[in-house]
Amino acid sequence: GLYNVDHMMYLLRLLTCLVLCSVAHAADPRTVAEEALRAWVAHDANSLYRISHPELISRMREASIVRFYLGRHPEKRYVPHSGSDAEVVSLLCDALADIVPRRDARLVFEDRYVSFREVGDLALVTFQSSIGSANSNSKPTTFETRIILKRKEREWLFLWSPSVSLHVDLAWDPNP
């Protein structure tokens with residue numbers, strides 16, 4: 001009797017804590033930006049869909065890489081116009097996987113978090129990125145990578161990155 005009530009209360013408190021932690025985790029701009037970097041490189045449609053802002057998904061429907069990909073896959077031409085948002089993100093990831101070369105295993109890629117700046121409903125998350133040779137002691141090439149997130153209600157979602165500019169819309173740059 002009493003053990004079961006105490007045990008249920010403990011489980012309820014634990015569940016509440018987990019829910020609150022997951023909400024805080026989802027709202028963390030750094031975490032969302034890091035996940036966006038990983039999902040884009042891995043062409044992980046499920047992860048990318050979960051964190052993409054509706055404005056980005058809308059632009060994916062007209063993405064240059066998608067248009068090019070559809071030239072070779074006409075059976076998927078319906079997706080940009082009448083497919084669900086999840087189908088659109090999946091189509092973009094298929095195009096990336098088909099067209100963009102995989103990262104060379106002889107190279108080491110790293111992204112180190114540098115800063116976060118909020119400007120209105122946008123967040124600019126900056127990383128110091130580097131590319132170096134896995135087989136050499138030479139100094140890696142470093143550069144800055146900026147990920148832009150946009151708030152939707154209380155949640156930060158992935159809006160833009162240099163890769164988005166390159167593969168989705170060269171003219172679009174929402175940098176604050």
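The legends below describe close-up views of a predicted model.

**View 1. The four-stranded sheet.**
Strands S1, S2, S3 and S4 form an open sheet in the order S1-S2-S3-S4, with antiparallel pairing. S1 and S4 each have a single partner strand and stand at the edges, so one side of each lacks a neighbour in the sheet. On average, neighbouring strands are turned by 30° against each other, direction ignored. Twelve bridges join S1 and S2 in the antiparallel sense.

The structure holds three aromatic pairs, and one of them is formed by Tyr-113 and Phe-127. Their ring centres are 6.2 Å apart and their planes stand at 75°; an angle over 60 degrees counts as edge-to-face, so this pair is edge-to-face. Tyr-113 belongs to strand S1 (residues 107-119) and Phe-127 to strand S2 (residues 122-133), so the contact ties together parts 14 residues apart in sequence. Tyr-113 is partly exposed, at 24% relative accessible area, whereas Phe-127 is buried, at 1%.

**View 2. An aromatic pair between S1 and S4.**
The rings of Phe-116 and Trp-156 also make an edge-to-face pair, with centres 6.4 Å apart and planes at 80°. Phe-116 lies in S1 and Trp-156 in S4 (residues 155-160), so the pair ties together parts 40 residues apart in sequence. Phe-116 is partly exposed, with 34% relative accessibility. Trp-156 is buried, with a relative accessible area of 4%.

**View 3. An arginine over a phenylalanine ring.**
Arg-103 lies over the face of Phe-109, at 3.9 Å from the ring centre.

Helix H2 (residues 29-42) has 14 residues, which at 1.5 Å a residue should span 20 Å; the end C-alpha atoms are 20 Å apart, in agreement. Buried residues of H2 include Val-32, Ala-36, Leu-37 and Trp-40. In an α-helix there are 3.6 residues a turn, so residues three or four places apart point the same way. His-43 follows H2 and has a positive phi, near 55°.

**View 4. The salt bridge between Lys-150 and Glu-55.**
Among the ten salt bridges of the structure is that between the side chains of Lys-150 and Glu-55, at 3.0 Å from N to O. Lys-150 is in strand S3 (residues 141-152) and Glu-55 in helix H4 (residues 54-60), so the bridge links distant parts of the chain, 95 residues apart. Lys-150 is buried, at 18% relative accessible area, while Glu-55 is partly exposed, at 26%. Both residues belong to a network of salt bridges that links Glu-55, Arg-59, Lys-150 and Asp-169.

**View 5. The salt bridge between Asp-85 and Arg-61.**
The side chains of Asp-85 and Arg-61 meet in a salt bridge of 2.9 Å, N to O. Asp-85 is in helix H7 (residues 85-99) and Arg-61 in the loop between H4 and helix H5 (64-72), so parts 24 residues apart in sequence are tied together. Asp-85 is partly exposed, at 34% relative accessibility, and Arg-61 is buried, at 17%.

**View 6. The salt bridge between Glu-118 and Arg-151.**
The closest N and O atoms of the salt bridge between Glu-118 and Arg-151 are 2.5 Å apart. Glu-118 in S1 and Arg-151 in S3 are 33 residues apart, and the pair links these distant parts of the chain. Glu-118 is partly exposed, at 43% relative accessibility. Arg-151 is partly exposed, at 29%.

Conventions:
Residues numbered from 1 in each chain as written. Predicted model: local features only at pLDDT ≥ 70, side-chain atom pairs only at ≥ 80, totals over all residues. Heavy atoms only, no water. Phe/Tyr/Trp six-rings, centres within 6.5 Å; stacked < 30°, edge-to-face > 60°. Helix = DSSP H or I, 4+ residues; strand = E, 2+ residues; numbered from the N terminus. Buried < 20%, exposed > 50% of the residue type's maximum accessible area, 1.4 Å probe, protein only. Lys NZ or Arg CZ within 6 Å of the ring centre and 35° of its normal. Pairing = 2+ DSSP bridges. Axes fitted to C-alpha atoms, helices over the stretch in contact; angles between N-to-C directions. Expected span 1.5 Å × (residues − 1). Salt bridge = Lys/Arg side-chain N within 4 Å of Asp/Glu carboxyl O.
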